[in-house]
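User: I would like to learn how to read a structure like this one, feature by feature. Please give the general idea each time, and then the case at hand.

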Amino acid sequence: MLRNLLLMTGLGCCMAASAQFHTITPHAARYRIERVTQGTVGKTKEITEEAASAESSADTASMRKQWIDSYLSVSYPLKEIFVTSPFGVRTDPFTKKRRKHNGLDLKADRCETYAMMHGIVVKVGQDKVSGKYVTVRHGDFSVSYCHLSEWRVKKGDCVRPGEVVGISGNTGRSTGPHLHLTVRMGRRHIDPGVLLQFIDETRQQALEKLSDYNR
Ligand SMILES: [Zn+2]
């Protein structure tokens, strides 16, 4: 689009220059007009191609940056993701009764735990059930990282995706070291697996696009 516009502007200038030569020097002008016109067209074309090429590499750089930003806009909560207990109804490990598991458990033993997206730390606390926990709000929903051994953020902190919010552990109502994630939208718990899938898809798509630019 910009390339076409530049080309049209360039040709417009040549036509104006030709008309001017015709008006001022009608006899000798024919040869000069041709030379000037050809020269001008040639130069205009060269500049246009350079501009188009600069524009195209600027576009590529901007698109690459966009996909890098997209990749970095999300983070897995741990270096390695291994689900040990999914969201939903299960046999409670303490009571052995059927009960809804309000989050998702990941294998982790004193591992760095990362914020999954940009957000604000809204709670840093400890109770008998969740143990040490950190809750980060991401727009409409919030994520709690539970059974931690250490907190690494404080209430009110703004966290980037991939920033360490705590170290996983075995505090609270837990039968062994693991990371329990809960995702809440209003009062409703939603499956953290959906968020993990979103992170996975966002990263995969960004990697595919970036590899296209490297071809
Ligand atoms: Zn759990």
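Analyst: Start with a loop residue. Phe94 sits in the loop between β2 (88-91) and β3. The model is a predicted one.

User: Is Phe94 buried, partly exposed or exposed?

Analyst: The general idea is a cut-off on relative accessible area: buried is under 20%, exposed is over 50%, and partly exposed is in between. Phe94 has a relative accessible area of 42%, so this residue is partly exposed.

User: What separates the C-alpha atoms of Phe94 and Ser174?

Analyst: Phe94 and Ser174 are 80 residues apart along the chain, with 8.8 Å between their C-alpha atoms. A second pair can be read in that way: Asp109 and Gly169 are 60 residues apart along the chain, and their C-alpha atoms are separated by 5.9 Å. Asp109 belongs to the loop between β4 and β5. With a relative accessibility of 53%, Asp109 counts as exposed.

User: Where are Lys96 and Arg110 found?

Analyst: Lys96 is in the loop between β2 and β3, and Arg110 is in the loop between β4 and β5 (112-114). Lys96 counts as exposed at 60% relative accessibility. Arg110 is exposed too, with a relative accessible area of 51%.

User: Next, strand pairing. How many bridges join β6 to β7?

Analyst: Read the number of bridges, then the direction, then a residue pair. Seven bridges join β6 to β7, and the two strands run antiparallel. Lys123 stands opposite Thr135 in β7. Three residues lie between β6 and β7, which form a hairpin. β6 is also joined to strand β9 (residues 158-159), by two bridges and in antiparallel fashion. In that pairing, Gly119 stands opposite Val159 in β9.

User: Which strands does β4 pair with?

Analyst: Strand β4 (residues 104-107) is joined to β1 by two bridges, running antiparallel. Four bridges join β4 to β11, again antiparallel. Asp105 takes part in both pairings: in β4 it is the bridge partner of Ser85, and in β11 its own bridge partner is His180.

User: Which residues coordinate the zinc ion?

Analyst: For a metal site, list the donor atoms, then the distances, then the sequence spacing. The zinc ion is coordinated by NE2 of His101, OD of Asp105 and ND1 of His180, at 1.9 to 2.2 Å. The spacing of the donor residues in sequence is H-x3-D-x74-H. His101 lies in strand β3 and His180 in strand β11, so this pair ties together parts that are 79 residues apart in sequence.

User: Are His101 and His180 buried or exposed?

Analyst: Both His101 and His180 are buried.

User: How much space lies in the largest pocket?

Analyst: The largest pocket holds about 700 Å³ of space. Its lining has 36 residues, and the closest to the centre are Asn102, Val129, Ser130, His180 and Thr182. The elements that give two or more residues to this lining are β1 (83-85), β3 (98-101), β6 (119-127), β7 (131-138), β8 (141-151) and β11 (178-185). By class, the lining is made of nine nonpolar, 16 polar and 11 charged residues.

User: How many disulfides are found in the whole structure?

Analyst: The search compares pairs of cysteine sulfur atoms, and it finds zero disulfides. Among the cysteines, Cys111 is partly exposed, with 30% relative accessible area. Cys146 is at 4% relative accessibility, so it counts as buried.

Notes. Residues numbered from 1 in each chain as written. Predicted model: local features only at pLDDT ≥ 70, side-chain atom pairs only at ≥ 80, totals over all residues. Heavy atoms only, no water. 1 Å grid on protein atoms, 1.4 Å probe; cavity = no way out; pocket = protein on both sides within 12 Å on 5 of 7 lines; lining within 4 Å. Points joined across faces, edges and corners; volume = space filled by probe spheres on them. Nonpolar A, V, L, I, M, F, W, Y, C, P; charged D, E, K, R; others polar. Donors = N, O, S within 2.8 Å, 3.2 Å for Na, K, Ca; no water. Buried < 20%, exposed > 50% of the residue type's maximum accessible area, 1.4 Å probe, protein only. Disulfide = S-S within 2.5 Å. Pairing = 2+ DSSP bridges.
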